[in-house]
Amino acid sequence: MTLPEPVAITFANTRSSSRRDRIATLTQWRAWVDAWPGLRVAGHAVDASGLLAVRATRDDVQLLLRSATGEGQPGRGPTARLLELARSSSSLDLRWRAGRLTLAVLPHAAPAALFAQHLAHAAFDLLLTGPPLAACQGQDCLKLFVTSRPDRRWCDSAVCGNRTRVRAHNRRQQARQTPTLSEEEPPDRRGPQRKVM
Ligand SMILES: [Zn+2]
């Protein structure tokens, strides 16, 4: 069984490529938050305008975590904004629900602000005390993962790894079809013959 990535990583990974935001709508956001039972109640309280703020924080979390993998420069902007969030006065409340500790929101507090603050803390905690991270090497993939093996290159070998293998295969096919020898060369010519000793 593979353990799920820490929440700060799966949050950053909701922006999976430059063209794909997996929490672009409230329905998608609720589906993401449902995977984290402790966050579900507070997450469902986030409205459409709150989601815009949460997505802006997500972009900062992604930039911060990616810079820790050597992808991109450690930006002062994202770090400063997340630090400001982490320091802001908290509307955090916690409740026990069916034996599980869950994030709750104080009355009159903004659920989106609580979320943004919680995830800013999670991102800092991951970088300060968590395992090392790596970025997927897939083309236009922005996903991150915990470096579980030193040779792991893909977020998902069946997706990004496979796409890269298919592209490399197509490049080899193309190179084979582009004639490098003149048309007069016999088709079975494969370079110098090896001397038999
Ligand atoms: Zn990937």
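In which sense do strand 3 and strand 4 pair, and over how many bridges? Strand 3 and strand 4 pair in the antiparallel sense, over six bridges; two strands count as paired if DSSP finds at least two bridges between them. This is a predicted model, in which local features need pLDDT of at least 70 and side-chain atom pairs count only at pLDDT 80 or more, while totals for chains, interfaces and linings use all residues. Residues are numbered from 1 along each chain as its sequence is written. Helices (H or I, at least four residues) and strands (E, at least two) are DSSP runs numbered from the N terminus.

**Hairpin of strands 3 and 4**
- Strand 3 and strand 4 form a hairpin with two residues between them.
- A98, in the turn, has a positive phi of about 50°.
- R97 has R100 of strand 4 as its bridge partner.
- Strand 3 (residues 92-97) lies largely in the open, because zero of its six residues are buried. A residue is buried if 20 or more other C-beta atoms lie within 10 Å of its own, exposed if 12 or fewer, and partly exposed in between, with C-beta atoms placed from the backbone.

**Helix 5**
- Helix 5 (residues 76-87) has 12 residues and reaches 16 Å from its first C-alpha to its last. That is close to the 16 Å expected at 1.5 Å a residue, the expected span being 1.5 Å times one less than the number of residues.
- P78, L82 and L85 are buried in helix 5. They cover an arc of only 55° around the axis, so they sit on the same side of helix 5; the arc is that of the directions from the helix axis to the C-beta atoms.
- Helix 4 (48-67) and helix 6 are among what covers these buried residues, where contact requires C-beta atoms, placed from the backbone, within 7 Å.
- R76, G77, A80, E84 and R87 are exposed, on the face of helix 5 turned away from its buried side.

**Loop residues**
- H108 is in the loop between strand 4 (100-105) and helix 6 (111-129). Its phi is near 70°, a positive value in a residue other than glycine. H108 counts as exposed because it has 6 C-beta neighbours inside 10 Å.
- D140 lies in the loop between strand 5 (133-135) and strand 6. Phi of D140 is positive, near 60°, in a residue other than glycine. With 12 other C-beta atoms within 10 Å, D140 is exposed.
- P150 belongs to the loop between strand 6 (144-146) and helix 7 (157-177). P150 has 7 C-beta neighbours inside 10 Å and therefore counts as exposed. The C-alpha atoms of P150 and A134 are separated by 9.6 Å, with the two residues 16 residues apart along the chain.

Methods
Contact = placed C-beta atoms within 7 Å.
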